[in-house]
Structure formats: structure tokens, C-alpha cells
Amino acid sequence: VSWSLKIKKKLKGVTPFLGKFRPTVGQCCHQCTPESLGMKLLKNSPSLGFQNVLHVNETRTRFRGWLVRRVCGLLFVQERKVYPSPAGDRAERVLRSSRVQSLISSGGPTEGAVAGEGSFHSGETAIAATARRGQAVQILEGIQTSISPPLLRLAGWILLKLLGRMFANVQVSLNQLATLHKAPQLHGAPLVFVSVHKSSLDYALVPLVLFCHSLRVPYMVSSTDLEHTWLRPILQKVGVIFTPRCPMGKEDTETGALQCAVLSSFVSELLSEGQHLLLFLEEPGCVERRPSPCSAQWLSWVQEAVCSGVVPDVALVPVGIAYDAPVEGLGDSCQQAPRCGGFLSLLLSALSLLGKSHGCVRLDFGQPFSLKEMVSSGRLPVRGLPLEDILLPAMMGSRSDSLFADKSLGWVLPVAACPQLEEQERHLVASLCKHLLYSATSCSAVMSTSMLSCLLLHRHRKGVAVPQLARDFSWLLEEVLFRNRDVGFGGSLPEVLCHSVTLLRDSLVLCTPPSAPAPLVAPRSTPQAAMTLSRHCGALQHLFIHEAVGACAVSAMLSEMMDCVNIDEMDFDVALCQEELTERLAQLCQLLPSEALLLPPCQSVYSFAQDSIDSLVRCGILVMEELPRERPLCDLWGRRQALLWKSFDDLSNSDSDCEEPPDRRSYKLNQPNHCPDFFFFLCSVLSPLLRALSWSVCGLQHLYFPLTESECIERMQGFLLDKAQGESSYFESATLEMAATAVWTLRDLGVLKEEPGEGGAVCLRLSEAFEQPLAQGKLCRFIARFLYH
């Protein structure tokens, strides 16, 4: 309360800073899906505003009166339109499918058997076929599900009550929901929702929003297992599909191949019925933003249903979710979710957190686009090179000819996951998963806590006065809206700041020195506070990724120049060659992991580098250097004879005769007052990740290999914590996410090699080339030169 009073007192009289302007987010890719983009479903919708899903009163029912206000929640869920979906003979149709039947009836007489033993082998084949049919029936019983309207209405009413005690509101755009109402008729295909996965509450929020607006509730795929619990049969009757626990896609086992066949036929039958599907692109307990192999596998079955002609097409809908603050026990515990199950942890955490407000939630639905159009466009790359072949020569001091090549995404969908897919189809599904993750993240709103955390962590680390913080908050808001990203809040500046400071109060310090005219806000100097603020900054990192990568590349070139000249004579008036700057940008793009860069697969590394340079010029950080010339480039009078029209029959000359050899472009840093601050802010956005990579290379000599991947991540995080503790700062570089990203990057670079361990486990060991301190030093210096000091 005292914080709110002090902030509002200093900001009293500030006008509302967020008006009616809202950018249109969630548009389709203009390269991969131009026909879907041409429908302009989002732009043609009138401005309908936003709605709080949890706020249910009598105006959202057909009735009025004193009694209606008391039971408006029950009346509201009773009036929602529900599309029942009984199981019916779906299991029989799956068993009768050609793919399942071919696997059930496979396994004839042994090669080289005599004719007299034919009846004996026929009996063995019949017994084996019966056993395989029993396995298929058992798999179907585990994934069999349906949608019961009475149970769905009851679940919706309970969720409205529970979530209403946890969150202030759950905001959705009515324009986007109106688009979802029109999409099935325009596309003529079922919808497949693909969503980011921020916490286990996502399982409840997405279906609840669709149910409250009378949209068809999709079947939801869950990678968790609730076997032998009372909650499993209830969730199966509201459309939850539990992925079987047994290993999937084992090429050398009949169970894995049979399971893939059953699940693929099951997905085809669901889509042929016109049912919608909900897939989460990430694991519920994932420590980093990367597509999960399970979601890629389900997406491959959806693509197979379209390519085989079971359904003519499928409309993909990216879903973005943003939280003001991660719910304790859901967003922070990465190890508990896979062990106890996402739904069970959701229930336990929801019961323990009733009455505690965790801010607001924002859901965004992108424009539906055609899966068939995206696959047939040819814009998605199907192959890529290992990162070791792309970047390692540049790290060791030699020039790489494949610096602008695409990185391989084989880890998204391994060969063992879908052995029936060819290599080209497997890479296509991996690129599709990456594109969907980029689309879902791009349409996610930016919350006020993310903006405040980014300012305090990357611009005012030692504290800032409240009026200056308010001015920077307004500036950052303009930058967010300028980049066509929406925010998940509105209102006046004092209210938004008070709301954000209240949610982050455990990570901030508010004080009023005697000589200061206004209170000061600063982040706490504790590891937990830095990690919490860093977790909130993820949305801003993706937003400023072009400018941040460009600023770090410029910083690397300036660092190289400082090694050659006297530091006292160094200033910002230096020329940067465009070719060298593009090469530094490409090196940094390849170094950053895919989950941090979130580069769409239809965009090449070279085009990303050019966009980064253009973004820095547009922001005013770089200006193109104009070399002195005898005649300006815009003076065409001197070349008037070369520009005259020529006869069509005159083939002696061409249009290129008037062209002159192109000059090598160069840039220099701009010098307005705000330029250095913005430049240092952009460099600081990527500093936690680059610092974690640099520290991890130094920590290789303190690890004793071989280690499993989980052990390596755990020990690497311990070294990062010790390193941050020694410097008494930069604890945001020592999180579990940073340690996992560093280990994965070192493995992709070939610094860590995989080898079979005890019990069939895969272990990591240090490669022979990097056992020497000289090679580790070169790698550490290569990463450190991009790091802003």
C-alpha cells in the first residue's frame, strides 16, 4: 500500500498513455501462406475490443433480475453451445484402417521353411496376429476419449470459479474469436490449435476460452500420464488424449511401430470427423523454449492425414499465452511436472493458491492458415548442416564457406520417433514446428511485468527514480507498439506501474533517500531476484532480437578495433564495413540457439543479418557513411547518354551499361544523446545468454566426463552459480535454463560428443579437439567478443 501511494503521488495527473491504438497481431506468413493471408480475416473484422473471460454477470445471459445475478454463472455455462463428440465406433474404424491391418497381419512363415510345416507356421502367424490385435486394442483403450456436454459444462463452471480466485482477469480479443467462428467455413477444414506452453494452467485456459465463446472445444493432447488415478477417466470425457507411456517409434520393436500406426490412424479419424485438435509445442517441464519431439510427432500425423487425402486440408491456428507472473509451483518447478503429471500438479497448485492474485493473463489466437499451402509452398527448408560444420571453422580462426547455411533441426523429430517418415519429410515437419513456435510467440502479448523487469535489469540495474522509470516505461511501450506487438494491459501510467511493482515486490527494493525528491526503485541483489526478473525478460528478448544481435555484432567489431588502437583515442566515429558487419551478424546468429533466436525457417541467415542492419539504421543507431565523390550518385544528368532508350533491335548494349561498379558500403554509429543508452540497452539484452556460454566454456575443465545430459546440466549450473557468486552479480546467467542452453549449444558445436553409457544411456564427453586449453581459449574469446562489457 505504501508503494502504491508513493508512486501515485509522484505521478499524479499523468494522462492515460495507452489509447485505442492496438496493432493487428497474428497475421500469416506472407512468404509461406500468401493465399491465407489474402483472406484478411483479422483486418476485415470490426473493432470489437477485449473481454475478460472470468467476469460473468447477468449481461452475459438472456435473463435479468435479482435471482439471475446470484446464479448467473450456472446460467452462462448452460447457455454455451457445446458440440458433443461421442466415441462411437471410432476404435473399430481405427482397427480396420489399412496401416493397422498391415501391421497386425504381418509376419508370415519363416524364410526357408519346408512346405510340410506350412500349417504349423500358419498357426503361429494367427496367434501372433491375435496378440498384436490385442496390443492395438489396449493402446486404443488408453487413448480413447470423448466429449460429454454435461461434464464439460460442469468443468467450465468449476474452472471459472477457481481461476477467478487466482487471476484478476483473463483477457481475449473478440476480433480474434470472431475470426475463429468464420475460419471453419472459409477454409472448409478442421482447426488444429498449436500453442506455446508457459505453465500447466495452459491445459485449462485455452479450452475454457473456446468454451465460453461457444466454439468447438478441441481434443487436447497431453504428454503426461495419470494412470491409476481417479482424474484420468474424468479428463478423458472432456477431450483429453493421454499419450501412451511406452516408447514410441522404436524401429526394432513391433510395439513401437504398432503404436505409431494406431495413433496415426486415430488422428486421421478425428480429423475426418471434423473434430478440432490442440497441441502444445513445448514440454510441460521444459527448461527452454524449443519444440518437443512429442508435439512434432503428433504434427507429423496431422500432416500425414492431409497428404494421404483423409482430409483435404487442415487450418493451423497459433496460440500465444502471456502471464503477468508465473504461478508458483507451475512455472518455476521444471522437475515436478513430468514426475507427478501436469494435470495433477495443476490441481494441487490451484487448490493451494486460492485467494492469491497472480495478475492478469492474455490469450491471443493468430489467423488460421492452410497446412497444405504451407507444405506445398516450398519455402520451408528440408535439410540443414550441423552447427559444427558451419561455425567451428570461424571459431578456430579460418573462414567458413557455409556461414549462411541453415542449421540442422534433426533433434526436433529424431529418426526413432517416426521411422516410417523419409528424411526429407522429417526435416519438413521439424521446420514446420519451428515456424509454428515462431508464429505463436510472435502473437503473444507483452505484459507490464516483462517491460518493468527489462528496464530494471538491462537499463537501471543500480536503481532509478520513479519519474524517470515512468518516462522509460512510456518509451519502451512505444517501441513495443512500433514493432507491431500488442501489450496485455491498458489504463493510466500510475495504475500500470503500481500493478507491476506489486507483482514484483519480492524482487524489488523501494526506498526514499533524504536528499532524493522521489522514491527510488532497484532490483534486489539476490540470486532469486535476478533470476525472476530475467525470466520475465524473455518476451522482450524475442521482440528486440534483430536490434540486439546487430548491436552485439557492432560491439564485437568495436572490441576488435580497440585491440589495434589506443583506448584514449577511441571514439564512436569509426567506419564499419557492411561485409564484415554482415559476417559478424551471421556468426552470432549461428552461435545463438534456435530457441533464443526464434528465426523462422523460411528466412535465411543472410536476410536476417540484412534486416538487423536495416533495423539499426531505422532506430538511429547506425547511419550510412557517404564517401566524397566527384559526382553524387543522384546526379543522373552526367549519364544521360547511357540512360537513353535504345532500339529494340540494337543488342550491342544492355541495361547494365549504365551501371557502375558498386561501392563498398560502410556505416558509423550515430551520436545523438539517446543513441549510446539505447545501444548499450540492446547489447545488454543478449548479455545473460552470451555470458552463460562464455562461462560454460571456462567450466569445461572443472567437469569430469563422461556425464549424462541431466548430470552435465546440473553440474554446469553449479559452476555458473559459483561464478556469479564470485562476481557478486549476473545471477541471471546462472539459471537452469541458461545451463541447459549452454550444454545444448556446446553439444551442437561438437565440443561435447555423445557416446553410449551404462545401461544404454547416452553420455556426454569432451571431444579430443577441445581437451587442450588452447582450443578452449579460442572458443571462449570468440564468444566473449560479442559480450558487452
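Why does leucine 67 count as exposed? Leucine 67 has a relative accessible area of 56%, and exposed means over 50%, buried under 20% and partly exposed in between, with a 1.4 Å probe and protein chains only. The model is predicted: local features need pLDDT of at least 70, side-chain atom pairs count only at pLDDT 80 or more, and totals for chains, interfaces and linings use all residues. Residues are numbered from 1 along each chain as its sequence is written, and side-chain values use heavy atoms, with hydrogens and water left out.

Leucine 67 lies in helix H4, residues 66-70 (helices, H or I, of at least four residues and strands, E, of at least two are DSSP runs numbered from the N terminus). Together with Trp66, Val71 and Leu74, Leu67 forms a nonpolar surface patch with about 410 Å² of accessible area.

Further along is an open sheet of three strands in the order E10-E12-E11, paired antiparallel (two strands pair if DSSP finds at least two bridges between them). Strands E10 (464-465) and E11 (508-511) stand at the edges with a single partner strand each, so one side of each has no neighbour in the sheet. E11 is joined to E12 (residues 520-523) by four bridges, and the two run antiparallel. Cysteine 511 has leucine 520 in E12 as its bridge partner.

Helix H30, residues 687-698, spans 16 Å from its first C-alpha to its last, close to the 16 Å expected at 1.5 Å a residue. Eleven of the twelve residues of H30 are buried, among them Arg691, Trp695 and Val697.

Notes
Patches are made of residues with over 30% relative accessible area and no salt bridge: like charges are joined within 9 Å, nonpolar side chains (Val, Leu, Ile, Met, Phe, Trp, Tyr) within 5 Å. Accessible areas come from the Shrake-Rupley method with a 1.4 Å probe; for residues, only the protein chains shown count as cover. A salt bridge is a side-chain nitrogen of Lys or Arg within 4 Å of a carboxyl oxygen of Asp or Glu. The expected span of a helix is 1.5 Å times one less than its number of residues.
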